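Please look through the model below before reading on, and keep it in view while you follow the text.

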Amino acid sequence: MHRFAARNVSAVAVTAAMLAVGAAAPPSAAVRTPAAKTLPGEAPVKTPVAAGYGGAVASVDADATAAGIEILRRGGNAVDAAVATAAALGVTEPYSAGIGGGGYFVSYDARSRTVRTVDGRETAPRSADPALFLEDGKPLPFADVVTSGLSVGTPGTAATWDTVLDAWGSRSLGQVLKPAQRLAKDGFTVDDTFRAQTQTNQARFADFPASAELFLPGGQLPIVGSTFRNADLARTYEDLSRKGVDVLYKGGLGREIVRTVRKPPVDPEATRVVRAGDLTERDLGAYRTKHQAPTKIHYRGLDVYGVAPSSSGGVSTGEALNILESTDLSHATQARYLHRFIEASRVAFADRGRWLGDPAFEDVPTEGLLSQRFADARACLIKDDEVLKSPLAPGDPSDPRPCMSGGTAAPTTFEGENTTHLTTADKWGNVVAYTLTIESTGGSAITVPGRGFLLNNELTDFSFAPANPAVHDPNLPGPGKRPRSSISPTIVLDKHHRPVLAVGSPGGSTIITTVLQTLTGVVDRGLPLVDAIAAPRASQRNAAATELEPGLWNSPVRQQLEALGHSFSQNPEIGAATGVQRLPDGRWLAAAEKVRRGGGSAMVVTPAGRP
């Protein structure tokens with residue numbers, strides 16, 4: 001989610017800019033670009049690319065990016081800045097992220113030159129079983145489940161913040177929440193996109209008094225140009241600052257969440273049937289984030305790190321890159337590049353559907369799926385003069401025979417498309433790629449009364465029923481189980497284990513293809529990071545038709561690919577990526593979208609030279 005109209009400078013942006021006074025780049029930085037506008041009442045400069053020294057932040061929102069920059073300028077590190085940016089996104093992007101949701105955090109430590117990850121995914125209640133979304137043996141309609149307590153998983157975002165700050169941060173939770181707390185109290189300017197996304201959810205929000213009071217003041221949509229304040233969220237952040245995250249997992253805030261899920265506060269005049277969930281205080285108290293090793297593959301002399309299951313992102317992106325390793329994409333025509341990219345994505349998604357789920361419940365063959373031997377066997381299926389047909393059957397990583405599939409095909413199940421991603425870097429060389437979510441735009445539509453945040457509908461990322469009864473589905477609900485995700489925050493290192501770039505995106509299952517296309521755009525096609533992010537996208541997820549953005553749909557390359565046998569459908573917008581990159585001269589480059597979701601926001605601590 002992002003805003004089309006420029007908004008007035010918030011207190012966060014003003015403070016971040018004031019902290020720039022006295023900041024200096026190294027002596028070699030003779031040329032400097034202007035800092036963002038800082039006078040109250042002026043529109044902030046929202047730019048998709050920035051380069052300089054001292055650290056960098058990129059997100060979909062200018063106020064959130066400014067919150068991260070503020071922390072960096074106060075001496076915080078990339079982890080501190082990432083949490084500050086995420087907390088601010090909970091204010092300005094409340095329909096995409098917040099403490100009612102979860103996410104995955106990937107961090108590079110410059111001192112040890114290692115990559116670490118934290119799985120902060122939401123979990124199902126302990127009472128959940130494979131029939132969670134069945135009635136009379138049939139799957140419930142998706143729309144009925146989304147707007148209900150039944151879809152709400154145990155939130156993981158606050159625990160993620162606490163985990164990463166304790167392990168790798170240099171500031172307290174209270175310190176990094178201050179910019180977001182101030183932003184929630186003082187407000188930000190409503191623009192066209194915020195109003196439009198509120199309108200999309202108007203009927204849902206109107207059925208819950210707490211949501212209506214917050215997002216539909218006076219029963220009306222917020223007016224473009226007005227100031228949106230969230231005093232309840234400011235107070236909630238204050239509680240987290242003073243009492244720590246135990247207030248959510250073991251205290252009063254947790255009891256309020258449980259009460260809201262188990263008895264959703266529906267307007268008595270609403271006609272919507274809102275099912276209750278079964279989340280308990282015991283579920284909250286038992287929640288734990290997971291420190292786990294990243295996925296890792298070797299591609300074109302670089303090491304590519306991602307998140308391991310419960311997210312499918314690192315494995316599926318890695319498998320697709322391994323499949324593409326044998327093809328020279330740098331000299332390929334645009335049509336051949338896209339053909340190979342589409343087919344590699346199709347194969348990776350076929351394997352994803354069969355093998356990937358929560359490894360605490362499923363036997364997930366991560367090592368086999370990421371082996372070059374398996375990728376080579378699967379790449380054998382791809383031909384330059386014909387197109388594979390979906391649904392494609394999966395391969396068997398335990399017995400990777402060339403050109404063979406290892407079972408019955410099953411289509412890819414639905415996954416919501418709204419999330420948010422941020423990337424940060426600091427002056428010491430640390431890097432973070434962090435994707436967080438409440439799943440659908442507006443989540444469950446249920447606001448915790450008096451607390452200022454929406455609850456997730458993350459459990460709808462489970463399969464409601466097997467896509468094909470003849471194929472084992474590793475993503476059915478279970479007690480305490482994490483639903484499969486496509487979140488793909490990715491960090492790329494060179495042969496000396498130093499950062500080259502970091503990238504990620506929102507977009508449900510399109511996240512994987514967006515990250516894959518951005519990586520190959522930079523590494524293989526030689527595009528600047530901001531241009532690789534802006535390039536028109538294709539997304540094939542083991543479906544009959546590949547989705548194309550208008551830039552490809554309206555181009556001659558579509559006809560060339562259709563002549564090979566490809567089928568296409570149009571998607572007006574796929575993803576909204578952000579990234580950071582270490583330039584050869586030592587500067588950081590931050591990059592975000594030029595157009596998608598109204599454009600993103602990239603900032604550096606001390607601008608220097610051309611991006």
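This is a predicted model: local features need pLDDT of at least 70, side-chain atom pairs count only at pLDDT 80 or more; totals for chains, interfaces and linings use all residues.

Two packed helices are described by the angle between their axes and the distance between the axes. Two such pairs are set side by side in this table.

| Helix pair | Axis distance | Angle | Handedness of crossing |
|---|---|---|---|
| H15 (residues 334–355) and H18 (residues 510–523) | within 11 Å | roughly 140 degrees | right-handed |
| H3 and H5 (residues 157–168) | 9 Å | about 160 degrees | left-handed |

Helices H15 and H18 come within 11 Å of each other along their axes and cross at roughly 140 degrees, which makes H15 oblique to H18. On the side of H15, the contact is made by Tyr337, Leu338, Phe341, Ser345, Phe349 and Arg352, while H18 contributes Ile512, Thr513, Leu516, Gln517, Thr520 and Gly521. Sorted by class, the residues in the contact of H15 with H18 are six nonpolar, five polar and one charged.

Helices H3 and H5 pack at an angle of about 160 degrees, and because angles over 145 degrees count as roughly antiparallel, H3 and H5 are placed in that class. In their contact, Val79, Asp80, Val83, Ala86 and Ala87 of H3 meet Trp161, Val164, Leu165 and Trp168 of H5. The classes here are eight nonpolar residues, no polar ones and one charged.

**Aromatic rings**

A pair of aromatic rings is described by the distance of the centres and the angle of the planes. The model has a count of 15 aromatic pairs. One of them joins Tyr95 and Phe215, whose rings are 5.1 Å apart from centre to centre, with 65 degrees between the planes, so that the pair is edge-to-face, given that angles over 60 degrees count as such. Tyr95 lies in the loop between helix H3 (78–92) and strand S2 (102–109), whereas Phe215 belongs to helix H9 (residues 209–215), so the pair ties together parts that are 120 residues apart in sequence. Both Tyr95 and Phe215 are buried. These two residues also belong to one aromatic cluster, together with Phe188, Phe194, Phe205 and Phe228.

**Backbone geometry in loops**

Most residues other than glycine have a negative phi, and most peptide bonds are trans.

The peptide bond from Ser390 to Pro391 is cis, with omega near 5 degrees, and Pro391 is found in the loop between helix H17 (372–379) and strand S11 (420–426).

His497, a residue other than glycine, has a positive phi, near 65 degrees, and is placed in the loop between strand S13 (490–493) and strand S14 (499–504). With a relative accessibility of 35%, His497 counts as partly exposed.

Arg597 likewise has a positive phi, near 50 degrees, in the loop between strand S19 (588–592) and strand S20 (601–607). Is Arg597 buried or exposed? The relative accessible area of Arg597 is 12%, and because buried means under 20%, Arg597 is buried.

Note on methods: Residues are numbered from 1 along each chain as its sequence is written. Side-chain values use heavy atoms; hydrogens and water are left out. Axes are lines fitted to C-alpha atoms, for helices over the stretch in contact, and angles run from 0 to 180 degrees between N-to-C directions. Helices (H or I, at least four residues) and strands (E, at least two) are DSSP runs, numbered from the N terminus. Angles under 35 degrees count as roughly parallel, over 145 as roughly antiparallel, 65 to 115 as roughly perpendicular and the rest as oblique. A crossing is left-handed if the near helix is turned anticlockwise from the far one by less than a right angle, and right-handed if clockwise. Contact means heavy atoms within 4.5 Å. Ala, Val, Leu, Ile, Met, Phe, Trp, Tyr, Cys and Pro count as nonpolar, Asp, Glu, Lys and Arg as charged, and the others, Gly among them, as polar. Rings of Phe, Tyr and Trp (its six-membered ring) pair if their centres lie within 6.5 Å; planes under 30 degrees apart count as stacked, over 60 as edge-to-face and the rest as tilted. Buried means under 20% relative accessible area, exposed over 50%, partly exposed in between (1.4 Å probe, protein chains only).
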